Amino acid sequence: MANPQSLPLCEKTPLKINTLQRAQEIAILFLFICLLVYRLLSLADHGFVWLLAFLCESWFTFNWVLTLIIQWTPVEYKTYPENLLQQVPELPAVDMFVTTADADLEPPIITVNTVLSLLAVDYPSHKLACYVSDDGCSPLTLYSLTEASKFAQFWVPFCKKYNIQVRAPFRYFSGNSKLPSDNPIGFLQEWTKMKDEYQKLCQKIEVAVQNLATLDFSGDSGDFADIDKRNHPTIIKVIWENKENNGVPHLVYVAREKRSDQSHHHKAGAMNVLTRVSGVMTNAPFMLNVDCDMYANNSKIVLYAMCLLLGFKHEKEGAFVQYPQMFYDTLKDDPFGNQMVVPLKTSWPGFAGMQGPLYAGTGCFHRRKVIYGFSFMDSEGNLRDVALDQERFGNSTELIESATHTLSEKIDHPHDLSGAVEAANKVAGSSYEHNTLWGTKLGWVYGSVTEDILTGMKIHARGWKSILCMPDPPGFVGSAPSSSHIMLTQRKRWVSGLLEILFSKNSPIFATLYAKLEFRQCLAYTTVLIWGLKSIPDLCYAILPVYCIVTNSHFLPKVKEPAFIIFVAVFLLKILYTLRFYLGSGLSISQWWNQVRMGPEGKIPYLTTSLFGVVTVVFKLLGISEVAFDVTQKDQNSSSSDDQEDDANAGRFTFAESPIYVPATTLLFVHFTALAMGLFGMQPPAHGADGGVGEMMCCVWVVLCLWPFLKGLFGKGKYGIPMPTIFKSAVLALLFMHFCGRIPLPLGR
Ligand SMILES: O=c1ccn([C@@H]2O[C@H](COP(=O)(O)OP(=O)(O)O[C@H]3O[C@H](CO)[C@@H](O)[C@H](O)[C@H]3O)[C@@H](O)[C@H]2O)c(=O)[nH]1
Ligand SMILES: [Mn+2]
């Protein structure tokens, strides 16, 4: 797709760097280095504890350097001349993919809203098609979508006529959206009608959810009778085929074939099926994909993305356009650290200043030909001869033909969807990919439960760049985990998925050595991939003060030593550094504190699920077990919650019977013991120590970070730590004390 002459070129512009921020960053780096030098110089006088502290601190320094490398040259994209797209003679077509996997964890009404918001975007509707992949193979989802497509016949024209901004009805009709005061004539009437219709739609879906038996299995849903989610043939239904220029875009339901003896590769597998099914149906040169909960929050998203993808002189500048993930209805002060506000200001623009943002799995527009995997342009920019054979693409002549069109940049003509269902069924088969390049060189890449990062990295490794799009209002908004347990489970999957990439042949280091991943981008990917590993030094560093107090040794310099100041300074400066972002963005101190405890770099996730994520990957590497894709539960609670009690408890930390809570509970126990020993002078006869003020302060900090666990000791129900967990942790804590030589247990030592 060449850039039409009339379009001015898009540009990346460097962001102005805040000098105070830079000064702080450098100062922290300098202090880290001083600290390491101090450790090294005094290593000989101290023992093992000193060495361990030195190793942890080297790791922290290394991480800080990587962080700075990412943030060094932030850029933003000069925005997209909105009205100019109207001057482009022919807008390209876009296929839009929505994935859902479980009608219980992902209620159909959520998927329906996402689909409605996509069907209603501001873009010529005959250029759009929406495909929903249902890995749950649920008749409820199909039923809900069918009903939604009827509602869409009113909803889409209504949104376009009155230029509605948020086109997901549950958000539009939710309590906090006010009606504009200067309504055009007739608006109020239509608005009321629309609201009624939407309520009816919700009711229908609700009734169906409550009582599956009311669904009529005779007609379209016949295929679902007695279906087994893990073992069933392909079901593809064209729910709505758009035959006019101004109608509602096509809507297609896809439940790919599943066989219990064949791996279906989770979301990556679903994406590849959607790519192929849409390939034989509409074959648009661009593809958008979203998770079922990520509705379009800005009606111009497709236009913006097209401006960016078409607006560069060299198409290599834009393999994909990524909208950062944002969330709706987040709880006050973000108690579970989901929002990731700071990355929006630091790492996202930072990545954009290198090879481009990471592919985040949702809210992303890809070029279809990039997904088809080949670098078809030679260095002169001419199309290379690409053999599109069955060995690569699989044995569907329709798909090979459509892929040939894509790669040779021919624009496909409107298709007859219903006529393509047979071909679509074939390419959605579970054995279609056997002996092809799907999942390796083609499409979404297999081998990690964070398929998004892996797939994006493979694209960068072929020398493509990517583009960041951050319009106001944000492009896509989704549901954030509504409880701490859900959040922690999600983090565990992320951590394992990222480590799976690090320890595979797809590691970014190889991609830099043998392919075209830029060096800085490789470092940036590495920082992301080693996320889970960071929990190990964090754990060690949390144990050190306890160990030192109990054994009356030191891992920090004594208060009187000048070196003590370096430690205090790094600690305080790092706090000030992050606090600045929060206060500067109008956020509260408690939000910052929640981030410290629960955020991506938070203590609690590090001391709970990250550790287990690492273990999962070790098990995988040893061939003991596979990494599972546990789907995140999604809630729609759009401020309509009438349950007062639930509201009050919404931000409270919850527990479940799970080993993930053992390490942190154990830590809490040993820290308390250590604090008690320190305060009441129960340490062994001091070897000239100063009571370990530094170590005591560290202990207090860890206890503060683990406060939710302290509350959990006394909480009831899901707010309390389960008894077995407390018991296991107590045993572990005793063992720890024993090995520190403090509590003689009859263990023969
Ligand atoms: O076998 C599966 C499993 C999941 N999904 C879908 O994948 C999406 C993401 O799953 P979710 O449980 O919401 O995971 P999150 O951790 O919230 O998702 C983030 O992380 C994933 C893995 O990195 C990315 O794929 C997502 O796009 C990104 O939003 C959802 O639409 C699911 O329906 C499938 O289609 N098939
Ligand atoms: Mn999600």
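Colleague: Starting with Asp 452: buried or exposed?

Modeller: Asp 452 is buried, as 23 other C-beta atoms lie within 10 Å of its own. The cut-offs are 20 or more such atoms for buried, 12 or fewer for exposed and partly exposed in between, with C-beta atoms placed from the backbone.

Colleague: What kind of model are we looking at, and how are things numbered?

Modeller: It's a predicted model, with pLDDT of at least 70 needed for local features and 80 or more for side-chain atom pairs, while totals for chains, interfaces and linings use all residues. Residues count from 1 along each chain as its sequence is written, and chains are lettered from A and ligands numbered from 1 in the order in which they are written.

Colleague: OK, back to Asp 452. Where is its place?

Modeller: In helix H15, which covers residues 451-461. Helices (H or I, at least four residues) and strands (E, at least two) are DSSP runs numbered from the N terminus.

Colleague: How many of the residues of H15 are buried?

Modeller: 11 of the 11, so H15 is largely enclosed by the rest of the structure. The buried set includes Glu 451, Lys 458 and His 460 as well as Ile 453, Leu 454 and Ile 459. After H15 comes Gly 463, which has a positive phi, near 95°.

Colleague: And what is Asp 452 in contact with?

Modeller: Leaving aside neighbours within four places in sequence, Asp 452 is in contact with Tyr 359, Ala 360 and Gly 361. Contact here means C-beta atoms, placed from the backbone, within 7 Å.

Colleague: Which residues carry the "active site" label?

Modeller: UniProt, in an unreviewed entry, puts "active site" at Asp 135 and Asp 452. Positions are in the numbering used here and feature names are shortened, and such annotations may be inferred rather than shown by experiment.

Colleague: Where is Asp 135 found, then?

Modeller: Asp 135 is in the loop that links strand S4 (128-134) to helix H4 (139-161). Asp 135 counts as buried because it has 24 C-beta neighbours inside 10 Å. Beyond four places in sequence, its contacts are Ala 101 and Ala 270.

Colleague: What does the "binding site" annotation cover?

Modeller: The unreviewed UniProt entry gives "binding site" for Glu 106 and Asp 135. They're spread over 30 residues of sequence but cluster in space, with a largest C-alpha distance of 11.2 Å.

Colleague: Tell me about Glu 106. Which loop does it lie in?

Modeller: Glu 106 lies between S3 and helix H3 (108-119). Glu 106 is buried too, because 26 C-beta neighbours fall inside 10 Å. Again setting aside neighbours within four places in sequence, Glu 106 is in contact with Thr 100, Ala 101, Thr 111, Cys 292, Asp 293, Val 631 and Lys 634.

Colleague: Switching to the ligand. Which residues come nearest to ligand 1?

Modeller: Of the 20 residues around ligand 1, those are Thr 99, Ala 101, Asp 291, Gly 361 and Thr 632. A residue makes the list if its C-beta atom, placed from the backbone, lies within 6 Å of the ligand. Strand S3 (94-100), helix H7 (266-281) and helix H16 (484-502) each give two or more residues to this shell, and the largest share, three residues, comes from H7.

Colleague: How does that shell split by class?

Modeller: Five nonpolar, 10 polar and five charged. Ala, Val, Leu, Ile, Met, Phe, Trp, Tyr, Cys and Pro count as nonpolar, Asp, Glu, Lys and Arg as charged, and the others, Gly among them, as polar.

Colleague: Which domains does the shell draw on?

Modeller: Domain 1 (29-71 + 515-633 + 648-739) and domain 2 (82-325 + 360-480) each supply at least three residues. The bounds come from an automatic or database domain assignment.

Colleague: How far apart are the centres of domain 1 and domain 2?

Modeller: 41 Å, taken over C-alpha atoms.

Colleague: Last one, the overall picture. How many helices and strands?

Modeller: 27 helices and 13 strands. Of the 749 residues, 46% are buried. Helix H8 (residues 301-310) has 10 of its 10 residues buried, so H8 is largely enclosed by the rest of the structure.

Terms used: Contact = placed C-beta atoms within 7 Å.
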